[in-house]
Amino acid sequence: MFAKVVVPVPLNHPFTYSIPDGLAVPVGSRVVVPFGPRTLVGACVGHTDERPKGTLKAVQRVLDPEPAFSPALIELSRWIADYYFSSWGEALMAALPAPVRRTGARRYENVARLAVSPEEARKKIEELRATNSKWSQVLEVLADSVEPVAVNDLLERLSISDSPVATLVKKGLVAIDRRQIDAEDPLLAHPASTTPPPEPNPEQELAVGTIIAASGGFKPFLLYGVTGSGKTEVYLRVIAQAVAAGKRALVLVPEIALTPQTISRFSARFKRIAVMHHRLTEAQRADQWRRIKAGEADVVIGARSAVFAPLPDLGVIVVDEEHEPSYKAGNEPRYHARDVAVKRAQLEKAVVVLGSATPSLESWRNAKEGRYTLLQLTQRVMDRPLPPVEIVDMAQERGFKGKVPLLSRKLEEMVKLVSAKGEQTILFLNRRGFAPALYCPSCKYVLRCGHCEVAMTFHKKRNVAICHHCNSEVEPPVLCPACKLPGIKFLGLGTERVEEEIRAMFGDASVARMDRDTTRARGSHARILAAVADGTTDILIGTQMVAKGHDVPNVTLVGVINGDIGYSINDFRSGERTFQLIAQVAGRAGRGILPGHVIVQTINPTVSAIVLAAKHDFFTFADQEMAFRREWIWPPFCRLLRLVVSAPTPDDAQGACTAAVELARPRLGPEASLLLGPEPAPIPFLRDQHRWNAAFRAKSWETLWKVVNACSKLKDTWKKVSWTWDMDANDML
Ligand code: ADP
Ligand code: ZN
């Protein structure tokens, strides 16, 4: 008997190893094997009695006495590796949370805390920023956090090595303690709500009945339901039936929608639940994984990578907000969790429910053509109306010197009105920081990141300019670095500026902001939402974090500060994204007894994605968008494969990308006419690498496979470049 082992190298087939006498190598367990000059951790994916030719190396060690991967997960990772052109070994390892991969069962962990007073730390933060921004970032996180922070989490959150922390310890600013790992999930400690479940309305009943009738086998559903139509109630009832039948359920939600409120809606109905997401500590994540694997949870709720949660007897998979771009992984393997969920359901013979108020065009077409069964919730619950959405043309609002104000007259008046009644407002702007550009009016210089070809964003509270692509930070210049004149201006709007101006405008109101910057400390996300839920906060300002995963009945006004952000000529999905964002934020208004209002500010009041989102008219939007995609041949009317070539020099990037396109051309046949590129990527320089890209479109996956396969030999010629093949690419930058 020999073991077939996959290792995390860019090859998608297994290697055969001999098994030493007395060693048991179960299929699905991780093993240590020699690989060329290296020793790697791989996984046994099968046994064979066929001895390959040549000398054979032996498995050195078995890491998991019990298999870490079920046969279905092994099969799933094989499909991912094939479909997304990635390595089987890497795809399989991606199915294991990092903490489980790194460590076995640990009982203690290192935690960091400030060794000086918070005031002193604040002073040091300013001082150290110029010397080493990592030091100041570490101090900032610790100063913001009420409790000590696990060192591993700190490193992961800031993407740093442990050396900055070690230096701060030497400097006497930070102390490290050892503490017993607390594996309890803080989110699960949230009190379960006690309100009795609502009676389903006829549409919900029909949806639940249809799904339950199909359970016991594989069947995909698309649940289209307007915001506030009670999709979650459908999920809960379907899951309850599955659990009663001895099955288990997996629920995927976008990371930012994974709020205590979301979880408590499930913990109110099911006792044995587990959660998997990145706000947990490493130890907690490892612990949740073990519980899930042992079958101790009937329902698992998690973000993208939870699609690999090792539940036995999977009966139902739910993918909520299936249209969310965050379901597509940004690193190898570049899988789309929704599509992986459907594949997994097929392998495990489970039903899969994709839910959304604004389905992706891909899923919509699958439903239209009968591959998915379409279920519809066309009304909000209790006959509540969808909120009226008013579009305000900001060109009409220009004041003195043609300046566009933050709030239109209409929105300002409405905020006043709503606050006076004791109701709440959400103001949405999908851009964090104070201002997205630092600009010199004298010579038109724009401050750009030294590592990327992008403008840096000014963050006022911290007084830094940050690159939102590589996170590098610099002190904002006082004099223009180009013409040496003073007067650098902060151009444009970010949530931080909105907060400042709103506080100035509405002095009596209690204002809060929720974006990535205000939610860094553990628990802060939940705290902000709790203050909205209990009515403390009058006006909540935020990025798309405010658009998802919460249901506050007293929010009666939603203002979209700038409906135009996100519209990019480089992305054929711009219209879809704009429609989705506006429809989703608008969906936060008027979810209770009180009617809601939505105001969308834009300088493009006639763009059809905006007009139709304002009418809550998904059907017309989908028809128009589908016609556009069909005519110009974009997904779902073709498969899209994007290639990004990055290299230290522009010549290498251009040369390698051009060589790839030339190799690809003959393999594409008539579809070569659909080729885009080679050309510099929309972000032509990122993290010190020059980037060129190309996009290949074809009806069949096999054609694209031929392209990738033909180009694989270029690796030997172009040694300094790195190749990113992104199947079903979402990110076009
Ligand atoms: P969606 O996910 O479609 O936006 P939710 O599932 O969040 O909608 O439901 C909105 C609210 O309506 C929730 O508070 C939920 O408890 C409540 N709800 C769901 N179904 C019903 C029903 N049939 N009758 C009354 N209330 C309901
Ligand atoms: Zn950068």
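Which residue has a polar side-chain atom lying 2.8 Å from a nitrogen atom of ligand 1?

Mentor: That residue is Gln204, whose polar side-chain atom lies 2.8 Å from a nitrogen atom of ligand 1. Before going further, note that this is a predicted model, in which local features need pLDDT of at least 70 and side-chain atom pairs count only at pLDDT 80 or more, while totals for chains, interfaces and linings use all residues. Residues are numbered from 1 along each chain as its sequence is written, chains are lettered from A and ligands numbered from 1 in the order in which they are written, and side-chain values use heavy atoms, with hydrogens and water left out.

Ligand 1 also has a nitrogen atom 2.8 Å from a polar backbone atom of Glu199, and one of its oxygen atoms is 3.1 Å from a polar backbone atom of Thr232; such polar contacts are pairs of N or O atoms within 3.5 Å. Taken alone, ligand 1 exposes 570 Å², of which the protein buries 81%, the areas coming from the Shrake-Rupley method with a 1.4 Å probe.

The shell around ligand 1 holds 18 residues, of which Glu199, Gln204, Gly228, Lys231 and Asp551 are the closest, a residue being counted if one of its heavy atoms lies within 4 Å. By class, this shell has five nonpolar, seven polar and six charged residues, where Gly counts as polar and Asp, Glu, Lys and Arg as charged. Helix α9, residues 231-244, gives the most to the shell, with three residues; helices are DSSP runs (H or I) of at least four residues, and strands (E) of at least two.

Cys449, in the loop between β18 (437-439) and β19 (457-459), and Cys467, in the loop between β20 (464-466) and β21 (473-474), are 18 residues apart and link distant parts of the chain. Both Cys449 and Cys467 are buried, that is, under 20% relative accessible area (1.4 Å probe, protein chains only).

Definitions and conventions: A polar contact is a pair of N or O atoms within 3.5 Å; within protein, one must be able to donate a hydrogen and the other to accept it, and residues adjacent in sequence count only if both atoms are side-chain atoms. Buried means under 20% relative accessible area, exposed over 50%, partly exposed in between (1.4 Å probe, protein chains only).
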